[in-house]
Amino acid sequence: MTEILARTVEVTRRYGTVTALDRVSLDIRAGELVGLLGPNGAGKSTLVNLFAGLRRPTSGAVELFGGSPRDPARRRGIGVTPQETGLPPTLRVGECVDFVAAHYPDALTRQALLERFGLADLARRQIGGLSGGQKRRLAVALAFVGRPRLVFLDEPTTGLDVEARRDLWDGVRRFHDAGGTVVITSHYLEEIEALAQRVVVIGEGRVLADDTMEAVRGLVAVHRVAVTVPAPSDVAGLPGVLGVEHHGARAHLLTNDADALVREMVLAKVPFSGLEVRPTSLEEAFLTITAQPRRAA
Ligand SMILES: Nc1ncnc2c1ncn2[C@@H]1O[C@H](COP(=O)(O)OP(=O)(O)OP(=O)(O)O)[C@@H](O)[C@H]1O
(Lines give C-alpha, C1' and ligand atoms only; values in the text may rest on other atoms or scores of the structure.)
Protein backbone atom coordinates (compact mmCIF):
# COMPACT_ATOMS: atom_id res chain seq x y z
CA MET A 1 0.00 0.00 0.00
CA THR A 2 1.27 3.47 -0.83
CA GLU A 3 2.80 5.34 2.06
CA ILE A 4 0.63 7.90 3.82
CA LEU A 5 2.58 11.17 4.05
CA ALA A 6 0.00 13.21 5.92
CA ARG A 7 -3.23 12.39 7.64
CA THR A 8 -5.97 13.84 9.81
CA VAL A 9 -8.07 11.60 11.99
CA GLU A 10 -11.41 12.98 13.15
CA VAL A 11 -9.96 16.47 13.33
CA THR A 12 -12.05 19.31 14.65
CA ARG A 13 -10.70 22.86 14.78
CA ARG A 14 -12.63 25.66 16.40
CA TYR A 15 -11.88 29.36 16.55
CA GLY A 16 -14.00 30.56 19.46
CA THR A 17 -17.53 29.67 18.47
CA VAL A 18 -16.66 29.03 14.80
CA THR A 19 -16.13 25.40 13.83
CA ALA A 20 -13.70 25.65 10.91
CA LEU A 21 -13.24 21.87 10.60
CA ASP A 22 -15.63 19.28 11.88
CA ARG A 23 -14.33 15.70 12.34
CA VAL A 24 -12.27 15.62 9.15
CA SER A 25 -10.42 12.40 8.33
CA LEU A 26 -8.15 12.53 5.31
CA ASP A 27 -5.09 10.63 4.09
CA ILE A 28 -2.58 12.12 1.66
CA ARG A 29 -0.59 9.36 -0.03
CA ALA A 30 2.83 9.55 -1.65
CA GLY A 31 2.66 10.62 -5.28
CA GLU A 32 -0.82 12.11 -5.15
CA LEU A 33 -1.86 15.50 -6.53
CA VAL A 34 -4.87 16.40 -4.42
CA GLY A 35 -7.13 19.38 -5.05
CA LEU A 36 -8.98 20.88 -2.10
CA LEU A 37 -12.06 22.61 -3.35
CA GLY A 38 -14.58 24.57 -1.36
CA PRO A 39 -16.23 27.96 -1.04
CA ASN A 40 -14.86 30.82 1.05
CA GLY A 41 -14.62 29.88 4.70
CA ALA A 42 -15.01 26.14 4.04
CA GLY A 43 -11.92 25.30 6.11
CA LYS A 44 -9.30 24.68 3.39
CA SER A 45 -6.63 27.00 4.79
CA THR A 46 -7.23 25.70 8.30
CA LEU A 47 -6.60 22.18 7.03
CA VAL A 48 -3.37 23.22 5.28
CA ASN A 49 -2.22 25.06 8.42
CA LEU A 50 -2.85 21.96 10.54
CA PHE A 51 -0.84 19.76 8.15
CA ALA A 52 1.95 22.33 8.12
CA GLY A 53 2.10 22.40 11.93
CA LEU A 54 1.10 26.08 12.08
CA ARG A 55 -2.09 25.32 14.01
CA ARG A 56 -3.11 22.58 16.41
CA PRO A 57 -6.42 20.74 16.22
CA THR A 58 -9.02 21.33 18.94
CA SER A 59 -9.58 17.57 18.93
CA GLY A 60 -8.51 14.63 16.79
CA ALA A 61 -5.03 13.89 15.45
CA VAL A 62 -2.86 15.27 12.65
CA GLU A 63 0.15 13.33 11.39
CA LEU A 64 2.95 14.33 9.07
CA PHE A 65 5.33 11.59 7.90
CA GLY A 66 3.99 9.39 10.69
CA GLY A 67 4.61 11.88 13.52
CA SER A 68 3.80 15.35 14.76
CA PRO A 69 3.63 18.18 12.20
CA ARG A 70 5.17 20.41 14.86
CA ASP A 71 8.42 18.46 14.75
CA PRO A 72 10.95 20.65 12.84
CA ALA A 73 12.66 17.61 11.30
CA ARG A 74 9.35 16.52 9.73
CA ARG A 75 8.49 20.04 8.66
CA ARG A 76 11.71 20.18 6.67
CA GLY A 77 10.17 17.52 4.42
CA ILE A 78 7.34 19.81 3.33
CA GLY A 79 7.05 23.02 1.36
CA VAL A 80 4.22 25.47 1.95
CA THR A 81 2.87 28.49 0.12
CA PRO A 82 0.36 30.08 2.47
CA GLN A 83 -2.54 32.10 1.15
CA GLU A 84 -0.82 35.30 2.16
CA THR A 85 2.90 35.85 2.36
CA GLY A 86 4.82 38.86 3.53
CA LEU A 87 8.23 38.63 1.90
CA PRO A 88 10.86 41.11 3.13
CA PRO A 89 10.65 44.04 0.70
CA THR A 90 14.29 45.08 0.93
CA LEU A 91 15.78 41.66 0.14
CA ARG A 92 16.70 40.84 -3.42
CA VAL A 93 14.96 37.82 -4.94
CA GLY A 94 18.17 35.78 -5.01
CA GLU A 95 18.99 36.67 -1.40
CA CYS A 96 15.53 35.61 -0.31
CA VAL A 97 15.96 32.23 -2.02
CA ASP A 98 19.36 31.78 -0.32
CA PHE A 99 17.88 32.71 3.04
CA VAL A 100 15.12 30.11 2.79
CA ALA A 101 17.50 27.53 1.30
CA ALA A 102 19.78 27.87 4.32
CA HIS A 103 17.12 26.14 6.44
CA TYR A 104 17.37 22.89 4.48
CA PRO A 105 20.13 20.28 4.33
CA ASP A 106 19.96 19.67 0.57
CA ALA A 107 18.31 22.72 -0.98
CA LEU A 108 18.12 23.52 -4.67
CA THR A 109 20.54 26.16 -5.85
CA ARG A 110 19.26 29.68 -6.34
CA GLN A 111 19.70 29.40 -10.08
CA ALA A 112 17.99 26.02 -10.41
CA LEU A 113 14.97 27.19 -8.44
CA LEU A 114 14.58 30.52 -10.23
CA GLU A 115 14.96 28.89 -13.62
CA ARG A 116 12.41 26.22 -12.81
CA PHE A 117 9.83 28.89 -12.01
CA GLY A 118 10.76 31.35 -14.76
CA LEU A 119 12.17 33.88 -12.28
CA ALA A 120 15.85 33.86 -13.31
CA ASP A 121 15.64 37.40 -14.74
CA LEU A 122 14.45 38.74 -11.40
CA ALA A 123 17.30 37.39 -9.23
CA ARG A 124 18.80 40.83 -8.56
CA ARG A 125 15.54 42.70 -8.13
CA GLN A 126 14.36 43.89 -4.72
CA ILE A 127 11.21 42.10 -3.62
CA GLY A 128 9.49 45.38 -2.76
CA GLY A 129 9.72 46.40 -6.41
CA LEU A 130 8.15 43.25 -7.84
CA SER A 131 4.61 43.17 -9.21
CA GLY A 132 1.97 41.30 -7.22
CA GLY A 133 2.12 38.41 -9.67
CA GLN A 134 5.92 38.21 -9.50
CA LYS A 135 5.79 38.13 -5.69
CA ARG A 136 3.24 35.36 -5.82
CA ARG A 137 5.38 33.31 -8.20
CA LEU A 138 8.34 33.76 -5.87
CA ALA A 139 6.24 32.71 -2.86
CA VAL A 140 5.23 29.53 -4.69
CA ALA A 141 8.79 28.82 -5.87
CA LEU A 142 10.05 29.09 -2.28
CA ALA A 143 7.87 26.12 -1.30
CA PHE A 144 10.07 23.95 -3.52
CA VAL A 145 13.53 25.16 -2.50
CA GLY A 146 14.15 22.50 0.17
CA ARG A 147 13.39 19.59 -2.22
CA PRO A 148 10.25 18.68 -0.24
CA ARG A 149 8.47 15.35 -0.57
CA LEU A 150 5.13 17.05 0.00
CA VAL A 151 4.01 20.54 -0.97
CA PHE A 152 0.96 22.48 0.22
CA LEU A 153 -0.10 25.30 -2.06
CA ASP A 154 -2.92 27.47 -0.72
CA GLU A 155 -4.47 29.28 -3.68
CA PRO A 156 -1.10 29.53 -5.41
CA THR A 157 -2.15 31.40 -8.53
CA THR A 158 -4.50 34.02 -7.11
CA GLY A 159 -3.81 37.27 -8.93
CA LEU A 160 -1.73 35.71 -11.72
CA ASP A 161 -2.52 36.24 -15.38
CA VAL A 162 -3.28 33.27 -17.61
CA GLU A 163 0.27 32.85 -18.87
CA ALA A 164 1.89 33.06 -15.42
CA ARG A 165 -0.69 30.62 -14.10
CA ARG A 166 0.10 28.10 -16.80
CA ASP A 167 3.85 28.44 -16.20
CA LEU A 168 3.27 27.77 -12.56
CA TRP A 169 1.12 24.73 -13.31
CA ASP A 170 4.00 23.39 -15.43
CA GLY A 171 6.34 23.79 -12.46
CA VAL A 172 3.90 21.93 -10.20
CA ARG A 173 3.41 19.18 -12.79
CA ARG A 174 7.16 18.69 -13.19
CA PHE A 175 7.51 18.30 -9.43
CA HIS A 176 4.67 15.78 -9.40
CA ASP A 177 6.01 13.87 -12.42
CA ALA A 178 9.31 13.51 -10.57
CA GLY A 179 7.48 11.76 -7.70
CA GLY A 180 6.46 14.77 -5.57
CA THR A 181 3.18 14.92 -3.67
CA VAL A 182 1.01 18.04 -3.87
CA VAL A 183 -2.01 19.36 -2.00
CA ILE A 184 -3.43 22.43 -3.68
CA THR A 185 -6.38 24.61 -2.75
CA SER A 186 -7.88 26.81 -5.37
CA HIS A 187 -10.82 28.97 -6.22
CA TYR A 188 -10.02 28.44 -9.87
CA LEU A 189 -11.91 25.30 -10.74
CA GLU A 190 -10.02 25.23 -14.00
CA GLU A 191 -6.86 24.87 -11.92
CA ILE A 192 -8.14 21.86 -10.00
CA GLU A 193 -9.34 20.30 -13.26
CA ALA A 194 -5.98 20.95 -14.92
CA LEU A 195 -3.84 19.59 -12.11
CA ALA A 196 -5.57 17.35 -9.61
CA GLN A 197 -6.34 13.67 -9.94
CA ARG A 198 -8.13 13.48 -6.63
CA VAL A 199 -10.59 16.12 -5.52
CA VAL A 200 -11.63 16.68 -1.93
CA VAL A 201 -14.66 18.93 -1.69
CA ILE A 202 -14.97 20.74 1.63
CA GLY A 203 -18.01 22.66 2.77
CA GLU A 204 -18.73 24.10 6.20
CA GLY A 205 -15.75 22.27 7.67
CA ARG A 206 -16.74 18.79 6.45
CA VAL A 207 -15.51 16.56 3.66
CA LEU A 208 -18.44 16.37 1.26
CA ALA A 209 -16.74 14.36 -1.46
CA ASP A 210 -13.34 12.72 -1.87
CA ASP A 211 -12.87 11.07 -5.23
CA THR A 212 -11.52 11.37 -8.75
CA MET A 213 -12.42 14.43 -10.78
CA GLU A 214 -14.75 12.31 -12.93
CA ALA A 215 -16.43 10.77 -9.91
CA VAL A 216 -16.96 14.13 -8.24
CA ARG A 217 -18.73 15.28 -11.37
CA GLY A 218 -20.59 11.98 -11.58
CA LEU A 219 -21.59 12.21 -7.95
CA VAL A 220 -23.87 15.07 -8.67
CA ALA A 221 -24.27 14.21 -12.37
CA VAL A 222 -26.00 17.49 -12.95
CA HIS A 223 -27.01 18.19 -16.53
CA ARG A 224 -28.19 21.41 -18.00
CA VAL A 225 -31.23 21.06 -20.23
CA ALA A 226 -31.81 24.24 -22.25
CA VAL A 227 -35.03 24.86 -24.18
CA THR A 228 -36.86 27.80 -25.71
CA VAL A 229 -40.38 28.12 -24.31
CA PRO A 230 -43.09 30.75 -24.82
CA ALA A 231 -43.46 31.41 -21.07
CA PRO A 232 -41.45 30.57 -17.93
CA SER A 233 -44.58 28.92 -16.49
CA ASP A 234 -44.28 26.24 -19.21
CA VAL A 235 -41.37 24.63 -17.35
CA ALA A 236 -42.27 25.57 -13.77
CA GLY A 237 -42.90 22.65 -11.47
CA LEU A 238 -41.52 19.88 -13.69
CA PRO A 239 -40.37 16.93 -11.58
CA GLY A 240 -36.64 16.32 -11.13
CA VAL A 241 -35.59 19.94 -11.69
CA LEU A 242 -32.93 21.13 -9.22
CA GLY A 243 -32.89 24.70 -10.46
CA VAL A 244 -34.13 26.92 -13.28
CA GLU A 245 -32.50 29.94 -14.90
CA HIS A 246 -34.23 32.06 -17.51
CA HIS A 247 -32.20 33.80 -20.21
CA GLY A 248 -34.77 35.62 -22.31
CA ALA A 249 -36.91 32.94 -23.96
CA ARG A 250 -34.37 30.24 -23.04
CA ALA A 251 -34.96 28.24 -19.89
CA HIS A 252 -31.99 26.38 -18.42
CA LEU A 253 -33.06 23.47 -16.22
CA LEU A 254 -30.56 21.74 -13.92
CA THR A 255 -31.34 18.08 -13.34
CA ASN A 256 -29.77 14.79 -12.24
CA ASP A 257 -31.63 12.88 -14.97
CA ALA A 258 -31.82 14.70 -18.29
CA ASP A 259 -33.52 11.80 -20.11
CA ALA A 260 -36.34 11.62 -17.57
CA LEU A 261 -36.80 15.39 -17.69
CA VAL A 262 -37.08 15.42 -21.49
CA ARG A 263 -39.64 12.58 -21.30
CA GLU A 264 -41.60 14.61 -18.72
CA MET A 265 -41.59 17.67 -20.97
CA VAL A 266 -42.92 15.62 -23.89
CA LEU A 267 -45.60 13.95 -21.73
CA ALA A 268 -46.63 17.34 -20.30
CA LYS A 269 -46.78 18.72 -23.87
CA VAL A 270 -44.42 21.57 -23.02
CA PRO A 271 -44.17 23.58 -26.27
CA PHE A 272 -40.38 23.60 -26.32
CA SER A 273 -37.90 24.00 -29.16
CA GLY A 274 -34.13 24.15 -29.52
CA LEU A 275 -33.45 21.36 -27.01
CA GLU A 276 -29.85 21.24 -25.77
CA VAL A 277 -28.49 18.88 -23.11
CA ARG A 278 -24.99 19.20 -21.74
CA PRO A 279 -23.06 18.21 -18.64
CA THR A 280 -22.44 20.96 -16.15
CA SER A 281 -19.06 22.46 -15.55
CA LEU A 282 -17.18 21.46 -12.42
CA GLU A 283 -18.22 24.79 -10.98
CA GLU A 284 -21.89 23.91 -11.24
CA ALA A 285 -21.26 20.42 -9.87
CA PHE A 286 -19.34 21.96 -7.02
CA LEU A 287 -22.11 24.41 -6.19
CA THR A 288 -24.61 21.58 -6.22
CA ILE A 289 -22.51 19.48 -3.84
CA THR A 290 -21.89 22.31 -1.42
CA ALA A 291 -25.53 23.33 -1.50
CA GLN A 292 -26.64 19.79 -0.61
CA PRO A 293 -24.14 18.50 1.95
CA ARG A 294 -26.31 15.68 3.26
CA ARG A 295 -27.08 14.21 -0.11
CA ALA A 296 -23.49 14.15 -1.27
CA ALA A 297 -21.80 13.10 1.99
N1 LIG B 1 -7.69 32.90 13.11
C2 LIG B 1 -9.00 32.76 13.02
N3 LIG B 1 -9.83 33.29 13.95
C4 LIG B 1 -11.16 33.16 13.87
N5 LIG B 1 -11.80 32.50 12.87
C6 LIG B 1 -11.04 31.96 11.91
C7 LIG B 1 -9.61 32.07 11.92
N8 LIG B 1 -9.13 31.42 10.82
C9 LIG B 1 -10.20 30.96 10.15
N10 LIG B 1 -11.34 31.27 10.81
C11 LIG B 1 -12.72 30.91 10.41
O12 LIG B 1 -12.74 29.51 10.14
C13 LIG B 1 -13.52 29.22 8.99
C14 LIG B 1 -12.66 28.49 7.96
O15 LIG B 1 -11.68 29.40 7.46
P16 LIG B 1 -10.57 28.97 6.41
O17 LIG B 1 -9.69 30.16 6.21
O18 LIG B 1 -9.94 27.71 6.85
O19 LIG B 1 -11.45 28.70 5.12
P20 LIG B 1 -11.02 28.59 3.58
O21 LIG B 1 -11.77 27.45 3.02
O22 LIG B 1 -9.55 28.55 3.47
O23 LIG B 1 -11.58 29.95 3.01
P24 LIG B 1 -11.05 30.88 1.81
O25 LIG B 1 -11.27 30.12 0.57
O26 LIG B 1 -11.90 32.09 1.92
O27 LIG B 1 -9.60 31.13 2.09
C28 LIG B 1 -14.07 30.55 8.52
O29 LIG B 1 -15.36 30.71 9.09
C30 LIG B 1 -13.10 31.56 9.10
O31 LIG B 1 -13.74 32.81 9.32
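Colleague: Which helix gives the most to the shell around the ligand?

Modeller: Helix 1, with 3 residues. Bear in mind that this is a predicted model: local features need pLDDT of at least 70, side-chain atom pairs count only at pLDDT 80 or more, while totals for chains, interfaces and linings use all residues. Residues are numbered from 1 along each chain as its sequence is written, and side-chain values use heavy atoms, with hydrogens and water left out.

Colleague: OK, how many residues surround the ligand, and which are the closest?

Modeller: 15 residues surround the ligand, and the closest are Gly 41, Lys 44, Ser 45, Thr 46 and Gln 83.

Colleague: Which polar side-chain atom lies 2.8 Å from an oxygen atom of the ligand?

Modeller: One from Gln 83. Arg 55 has a polar side-chain atom 3.4 Å from a ligand nitrogen, and Glu 155 has one 3.3 Å from a ligand oxygen. A polar contact is a pair of N or O atoms within 3.5 Å; within protein, one must be able to donate a hydrogen and the other to accept it, and residues adjacent in sequence count only if both atoms are side-chain atoms.

Colleague: How much of the ligand's accessible area does the protein cover?

Modeller: 65% of the 640 Å² that the ligand has on its own. Strand 2 (18–29) and helix 1 are the elements that give two or more residues to the shell. The areas come from the Shrake-Rupley method with a 1.4 Å probe, and for residues only the protein chains shown count as cover.

Colleague: Back to helix 1. Why is it largely enclosed by the rest of the structure?

Modeller: Because 6 of the 8 residues of helix 1 (44–51) are buried. Buried means under 20% relative accessible area, exposed is over 50%, and partly exposed is in between (1.4 Å probe, protein chains only). The buried ones are Lys 44, Thr 46, Leu 47, Val 48, Leu 50 and Phe 51. After helix 1 comes Gly 53, with a positive phi near 75 degrees.

Colleague: Which residues other than glycine have a positive phi?

Modeller: Glu 155 is one of them, with phi near 50 degrees. Glu 155 sits in the loop between strand 6 (150–154) and helix 6 (162–177), and with a relative accessible area of 10% it is buried. Glu 10 also has a positive phi, about 50 degrees. Glu 10 is in strand 1 (residues 4–15) and, at 44% relative accessibility, counts as partly exposed.

Colleague: New topic: Thr 181. Buried or exposed?

Modeller: Buried, at 1% relative accessibility. Thr 181 is part of strand 7 (residues 181–185). A polar atom of its side chain is 2.7 Å from the backbone nitrogen of Gly 31. Leaving out residues up to four places away in sequence, Thr 181 touches several others, among them Leu 5, Ile 28, Arg 149 and Phe 175. Contact means heavy atoms within 4.5 Å.

Colleague: And which residues of helix 3 are buried?

Modeller: In helix 3 (93–101), Val 93, Gly 94, Cys 96, Val 97, Val 100 and Ala 101 are. Seen down the axis, those residues fall within an arc of 160 degrees, so they line one face of helix 3. The arc is that of the directions from the helix axis to the C-beta atoms. The buried residues of helix 3 pack against helix 4 and helix 5.

Colleague: What lies in the loop between helix 4 and helix 5?

Modeller: Ala 120 does, with helix 4 at 110–116 and helix 5 at 132–142. Ala 120 counts as partly exposed, at 38% relative accessibility. From C-alpha to C-alpha, Ala 120 is 9.3 Å from Val 93, and the two are 27 residues apart in sequence.

Colleague: Last one: how is the chain divided?

Modeller: Into domain 1 (4–217) and domain 2 (221–279), with bounds from an automatic or database domain assignment. Their centres, taken over C-alpha atoms, are 41 Å apart. The chain has 11 helices and 13 strands, and 46% of its 297 residues are buried.

How values were computed
Helix = DSSP H or I, 4+ residues; strand = E, 2+ residues; numbered from the N terminus. Near = heavy atom within 4 Å.
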